[in-house]
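Biologist: Can you walk me through this one? Please start with the ligand.

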Amino acid sequence: MRKLDFRLDIDNLYLRLLEEKDIPELLKLYQDNWAFLQPWEPYRPESFFTSDNFRYMVQADQAATCADEAYAFGLFLADSDRLIGRYRLSWVMRGCAETCNLGYFLAEAYNGRGYSTRAVKRIIRFAFEELGLHRVFAATMINNIASQRVLEKAGFRREGTALRFLKINNRWEDHCMFAITTEDLPQ
Ligand SMILES: CC(C)(COP(=O)(O)OP(=O)(O)OC[C@H]1O[C@@H](n2cnc3c(N)ncnc32)[C@H](O)[C@@H]1OP(=O)(O)O)[C@@H](O)C(=O)NCCC(=O)NCCS
């Protein structure tokens with residue numbers, strides 16, 4: 001089985017798989033940034049914001065990683081080991097697809113510094129080089145311009161619109177679909 005305690009360094013940042021020891025910080029990250037994240041997230045009842053639920057989520061992601069179904073990374077500041085975002089590969093499909101979905105968020109206070117673009121570029125390399133996938137796709141709401149910019153800067157192409165693709169805040173929202181394949185990376 002793949003070792004799970006590796007770290008992907010990106011200058012003053014690094015990505016590593018989230019673990020149970022991260023649960024308090026991850027919960028606080030969501031709580032502190034909820035007003036910022038809410039427009040782009042599924043409806044979350046109050047029971048979402050509990051240690052028990054976050055333990056369940058982290059354990060479910062760890063099981064999904066062992067099953068090669070999902071990889072949930074925290075983004076950390078290298079100098080303080082502070083958790084500032086989550087970047088997650090999910091819906092891994094093998095066989096003739098070799099594809100997965102990418103989702104992410106970054107704490108509001110660290111926005112606008114290019115951190116997400118760098119994290120996304122690094123995680124794509126991980127998906128292609130370490131996981132051997134061929135395609136990574138991502139979906140953003142039509143009005144999520146910041147997320148669309150991140151994907152464009154990381155080399156994704158806009159592929160079209162998926163109508164009523166995800167239920168965000170209790171509403172089925174149309175999404176812009178983006179993707180990148182191994183052929184798109186510089187050789
Ligand atoms: C989307 C998100 C991850 C971006 O993180 P980030 O680290 O600030 O992104 P970067 O700094 O790498 O790049 C952001 C780009 O969007 C641009 N941008 C940000 N807000 C914008 C806006 N309202 N209109 C136009 N461009 C905008 C920035 O100028 C930058 O582009 P530039 O480098 O060409 O100037 C972060 O805002 C976030 O977590 N948002 C809430 C959750 C979310 O939307 N997740 C994605 C769901 S698909």
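Modeller: An oxygen atom of the ligand lies 2.5 Å from an N or O atom in the side chain of N111. The protein covers 69% of the 970 Å² of accessible area (Shrake-Rupley method, 1.4 Å probe) that the ligand has on its own.

Biologist: What kind of model is this, and how are residues numbered?

Modeller: This is a predicted model, where local features need pLDDT of at least 70 and side-chain atom pairs count only at pLDDT 80 or more, while totals for chains, interfaces and linings use all residues. Residues are numbered from 1 along each chain as its sequence is written, and side-chain values use heavy atoms, with hydrogens and water left out.

Biologist: Which backbone atoms are 2.8 Å from an oxygen atom of the ligand?

Modeller: A polar backbone atom of L106 is at that distance from a ligand oxygen, and so is one of G114.

Biologist: Which element gives the largest share of the shell around the ligand?

Modeller: That is α5, with six residues. Helices (DSSP H or I, at least four residues) and strands (DSSP E, at least two) are numbered from the N terminus. Strand β6 is among the elements that each supply at least two shell residues.

Biologist: New topic: is T140 buried or exposed?

Modeller: T140 counts as buried because its relative accessibility is 2%, and buried means under 20% relative accessible area with a 1.4 Å probe, protein chains only. T140 is in strand β6, residues 135–141.

Biologist: What does the side chain of T140 make a polar contact with?

Modeller: The partner is the side chain of Q148, at 3.1 Å. A polar contact is a pair of N or O atoms within 3.5 Å; within protein, one must be able to donate a hydrogen and the other to accept it, and residues adjacent in sequence count only if both atoms are side-chain atoms.

Technical notes:
Buried < 20%, exposed > 50% of the residue type's maximum accessible area, 1.4 Å probe, protein only.
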